[in-house]
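Biologist: Before I rely on any label attached to this chain, I would like to hear the grounds for each one. Could we go through them in turn?

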Amino acid sequence: MGFGNALAEHIDDALEVNTIIVKDGNRTFIFISIDVLFIGDLLKKEILTFLKSKKIIDKKFPEDNLIFSATHNHQAPACDPEKPGLGLFDQSFYNQVKNYTIDTIKEAISSKFINVRLEYIEANTDSLIVN
């Protein structure tokens, strides 16, 4: 049950969790994209705590270097029990998302890293509509 408690009639595509790790010298950044409407602080904290407790990442790993993004999926169950207006919270779904996220991070960390060059541009977005 997603946003507005809309009941999905069927599943078109499986929800995804995607992770990419970027290292810049001594700094490491973990980017995670999850097919949900919103990612709450509880999910972030539980994932970070687990990763540190199992020594998957260093205890000094900066919280700000674990960067989450929600794809803004209105059909997935909510992942934040503190925001009932964003859909019905489902503990089972929440646990599944948390475990899949941890698994993708573990897999990405254990993968072979390759050297790449990242570039970016900045753009003014003042005229965009805010959702």
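Predicted model: local features only at pLDDT ≥ 70, side-chain atom pairs only at ≥ 80, totals over all residues.

Biologist: What makes up the secondary structure of the protein chain, and in what order do the elements run?

Modeller: The protein chain comes to 2 helices and 3 strands, and from the N terminus on these elements run β-β-α-β-α.

Biologist: How do you know that strand 1 and strand 2 pair, and in which sense do they do so?

Modeller: Pairing requires at least two bridges between the strands; strand 1 and strand 2, the latter covering residues 27–34, have 8 bridges in the antiparallel sense, and therefore they count as paired. Lys 23, for example, has Thr 28 in strand 2 as its bridge partner, and Val 22 stands opposite Phe 29 of strand 2. In the hairpin that these two strands form, 2 residues lie between the strands, and Gly 25 takes a positive phi near 65°.

Biologist: Why are strand 1 and strand 3 said to stand at the edges of the sheet?

Modeller: The 3 strands form an open sheet in the order 1-2-3, with mixed pairing. Strand 1 (17–24) and strand 3 (66–70) each have a single partner strand, so one side of each is left without a neighbour in the sheet. Neighbouring strands here are turned by 15° against each other on average, direction ignored.

Biologist: What makes you say that the helices pack on this sheet, and which strands do they touch?

Modeller: Touching is a matter of heavy atoms within 4.5 Å. Helix 1, residues 41–53, touches strand 2 and strand 3, and its direction makes about 140° with that of strand 3. Helix 2, residues 91–110, touches strand 1, strand 2 and strand 3, and its direction makes about 40° with that of strand 1.

Biologist: What share of the residues is called buried, and why is that word used?

Modeller: A residue is called buried because its relative accessible area is under 20%, and 28% of the 131 residues of the protein chain count as such. The chain as a whole exposes about 9,700 Å², of which carbon and sulfur atoms supply 52%.

Biologist: What share of the contacts joins residues 24 or more positions apart?

Modeller: Among contacts with a separation of 6 or more, such pairs account for 67%.

Biologist: How far apart are the mean positions of the positive and negative charges?

Modeller: For the 14 positive and 19 negative charges of the protein chain, the mean positions are 14 Å apart.

How values were computed
Residues numbered from 1 in each chain as written. Heavy atoms only, no water. Helix = DSSP H or I, 4+ residues; strand = E, 2+ residues; numbered from the N terminus. Axes fitted to C-alpha atoms, helices over the stretch in contact; angles between N-to-C directions. Buried < 20%, exposed > 50% of the residue type's maximum accessible area, 1.4 Å probe, protein only. Areas by Shrake-Rupley, 256 points an atom, 1.4 Å probe, with all protein chains shown as cover. Lys, Arg positive; Asp, Glu negative; His and termini not counted. Charge placed at Lys NZ, Arg CZ, Asp CG, Glu CD.
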